Amino acid sequence: MIVLFGIFLLALMVISALAIVRSENLFSAVILTSIFSLLMAANFFLLDAADVALTEAAIGAGISTVLFLGALALTGEHERGGSKNRLLALGVVTITTLIVIYATFDKPRLGDPDAPVHQHVGPWYLEKTPELIDIPNAVTAVLASFRGYDTLGEVFVVFTAGIGVLFLLSARTTRRTEDLQANHETHQGLRHYLVPRVVGRMLIPFIFLFGLYVQFHGDYGPGGGFQAGAIVAASVILYALLEGEAQALRALPMRVLKGLVAGGALLYGAVGVAGMLLGGNFLDYSVLASDPITGQHIGIILIELGVGITVTGVLLCVFHAFAARGKV
Amino acid sequence: MTMAIDILSWVLLTAGGVFVFIGGLGALRMPNLYTRMHAASLTDTMGAVLVIGGIMLQAGLTLATLKLAAILLFLLITSPTASNALASAAILSGLQPEEGKVERRKRQE
């Protein structure tokens with residue numbers, strides 16, 4: 001039954017991918033991309049990867065759609081005429097497809113216990129998580145503690161990407177806030193749409209609350225900093241869409257957002273250094289409390305908080321950079 | 001008792017499926033945007049209520065049922081809002097609803 005459902009979802013994904021390629025209206029291509037991400041999230045969920053599914057749904061289907069739409073507002077809705085190198089592109093795609101299909105012949109069967117991935121460090125993580133860290137969600141244990149270095153790297157990638165987008169898009173940051181306040185009367189978001197505004201206002205607190213739940217419940221269920229950051233950012237973006245960007249910038253000024261971007265990554269690094277100062281290794285949380293397991297819990301909650309803060313800050317900075325660009 | 005609940009949830013799920021199917025059919029076959037939206041909104045109101053109701057009966061009195069109820073509540077709030085936003089965006093961008101036969105006759109009289 002699961003297999004049948006998986007095939008159904010994958011077929012729908014192929015159809016929407018083809019539709020994205022075929023569609024000449026970029027607006028519908030963006031919406032189809034969002035549908036593709038949602039199907040992908042459902043697929044991840046079928047494969048029991050609830051954490052990844054949550055991330056895909058929040059970032060792929062939610063935030064990136066908003067960012068794509070922001071970019072579309074700058075460029076225009078229709079695709080410009082096709083390139084001349086169609087045959088070359090077709091050749092590259094065909095060869096890549098054949099290579100990928102050839103590679104799948106060596107792939108172990110889905111869920112095969114003899115697969116290399118189940119023979120390597122995976123069993124060790126599953127066996128040691130209850131003993132060393134004692135939280136139910138092994139994914140969080142691996143992500144935040146066992147492989148803390150990797151996650152630190154990911155946070156710095158997000159941080160760097162955010163800085164890069166800010167450099168590229170908002171060269172005129174200094175003048176922006178005054179500009180926006182001057183234009184306040186003309187840019188008031190969805191003020192004339194009564195129903196979405198009322199319902200949106202009603203939903204924002206719940207979205208925010210759900211973000212906090214995902215943030216701090218990551219030890220016990222699917223969730224964690226990356227997903228929570230995306231959800232919290234989504235609630236603020238919804239506020240910006242409803243009340244106008246100026247109002248959102250007044251609630252959370254760019255200064256604060258930049259502080260969030262750097263502060264989250266700094267918090268993560270600081271937890272690592274604190275471990276060193278207390279006599280352990282970098283990112284070794286066991287020394288943070290007298291009991292190693294409690295230390296692990298404290299460390300995981302703190303670094304997840306750092307991840308969440310950085311992700312929220314970066315996503316909101318990128319959103320505001322796009323939105324400000326549209327008004328210049 | 002279990003039998004009765006199973007039959008009831010089976011009925012709800014099937015009815016929900018029928019509504020979703022009709023909604024999809026209408027979204028494909030209706031002549032213009034507003035009528036298509038009207039058909040599609042059937043999917044996420046009646047279809048969702050019946051299907052989630054059927055699943056809730058299967059789940060019994062557990063935490064899952066509470067979560068499903070929350071999902072249902074959010075769906076019932078958000079999807080009509082989305083339909084409303086879509087329709088008002090269409091009106092604002094200048095797409096006039098087509099006149100049906102009745103209105104045309106009324107205007108001619």
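Trainee: Which residues touch the most other members of the largest nonpolar core?
Mentor: A nonpolar core is a set of buried Ala, Val, Leu, Ile, Met, Phe, Trp, Tyr and Cys residues joined through C-beta atoms within 7 Å. A residue is buried if 20 or more other C-beta atoms lie within 10 Å of its own, exposed if 12 or fewer, and partly exposed in between, with C-beta atoms placed from the backbone. In this predicted model, local features need pLDDT of at least 70 and side-chain atom pairs count only at pLDDT 80 or more, while totals for chains, interfaces and linings use all residues. Of the 64 residues in the largest core, those that touch the most other members are Ala230(A), Ala233(A) and Leu315(A).

Trainee: Which element gives the largest share of this core?
Mentor: Helices here are DSSP runs of H or I with at least four residues, strands are runs of E with at least two, and both are numbered from the N terminus. Elements giving two or more residues to the core include helix 3, helix 11 (225–243) and helix 13 (254–277) of chain A. The largest share, 15 residues, is from helix 14 of chain A.

Trainee: What is Ala230(A) in contact with, leaving aside neighbours within four places in sequence?
Mentor: Residues are numbered from 1 along each chain as its sequence is written, with chains lettered from A and ligands numbered from 1 in the order in which they are written. Two residues are in contact if their C-beta atoms, placed from the backbone, lie within 7 Å. For Ala230(A) the partners are Ala58(A), Ile59(A), Gly62(A), Ile63(A), Val311(A) and Leu315(A).

Trainee: Where is the kink in helix 3 of chain A centred?
Mentor: Helix 3 covers residues 50–75 of chain A and reaches 36 Å from first C-alpha to last, close to the 38 Å expected at 1.5 Å a residue; that expected span is 1.5 Å times one less than the number of residues. Its buried residues include Ala58(A), Ile59(A), Gly62(A) and Ile63(A). A bend is the angle between axes fitted to the seven residues ending at a residue and the seven starting there. The kink, about 35 degrees, is centred on Ser64(A).

Trainee: Is Ile101(A) buried or exposed?
Mentor: Ile101(A) sits in helix 4 (residues 86–104) of chain A. Within 10 Å there are 9 other C-beta atoms, so Ile101(A) is exposed.

Trainee: What does Ile298(A) count as, and why?
Mentor: Ile298(A) belongs to helix 14 of chain A. Beyond its neighbours within four places in sequence, Ile298(A) is in contact with Tyr285(A), Leu288(A) and Ala289(A). Because it has 15 C-beta neighbours inside 10 Å, Ile298(A) counts as partly exposed.
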